[in-house]
Amino acid sequence: MDVFAKIFSTRGRLSRGLHAKYHSLWLVLNMLAGFTSSFFAAFLTGTNDLGYTIAGILFYIWLIGALMVSARRLHDLGWDGRFALALLIPGVGVLLAVYLFGAAGQVGANKYGEASEN
């Protein structure tokens, strides 16, 4: 799917609106997958151990996708995408996330490409 290709890419830029849409979509998809896998694992095996394992794997997939989307948003601000790793630092991550959702991107092209359409 084109959505997954856009989520798992660090090339280019991502506007505020698309950043919010991708994060929301990614969160909902992973929550649905986690709940579904947990339900079926508990239903099929009688315990939820498999469900916890699958939910843990899905969490790391979600985390990688979220960091990649944030890297593209940082590109829109003119920053290196590696600063997305700062989202993993308690306290700093919350402040950076709020900044990413609120800051306006650079107008016109920058070294990461043309400005994305909203």
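In which helix is R16 found? R16 sits in helix α2, where helices are DSSP runs of H or I with at least four residues, numbered from the N terminus.

This is a predicted model, so local features need pLDDT of at least 70 and side-chain atom pairs count only at pLDDT 80 or more, while totals for chains, interfaces and linings use all residues. Residues are numbered from 1 along each chain as its sequence is written, and side-chain values use heavy atoms, with hydrogens and water left out.

Buried means under 20% relative accessible area, exposed over 50% and partly exposed in between, with a 1.4 Å probe and protein chains only. Contact means heavy atoms within 4.5 Å.

| Residue | Relative accessibility | Class |
|---|---|---|
| R16 | 40% | partly exposed |
| S70 | 3% | buried |

Beyond four places in sequence, R16 is in contact with R73, L100, F101, G102, A103 and A104. S70 belongs to helix α3, and, leaving out residues up to four places away in sequence, S70 touches H19, H23, A84, L87 and L100.

Now to the largest pocket. Its lining has 15 residues, and H23, W62, A66, L87 and A97 lie nearest its centre; lining residues have an atom within 4 Å of a point of the pocket. Helices α2 (16–45), α3 (49–76) and α4 (92–102) each give two or more residues to this lining.

How values were computed. 1 Å grid on protein atoms, 1.4 Å probe; cavity = no way out; pocket = protein on both sides within 12 Å on 5 of 7 lines; lining within 4 Å.
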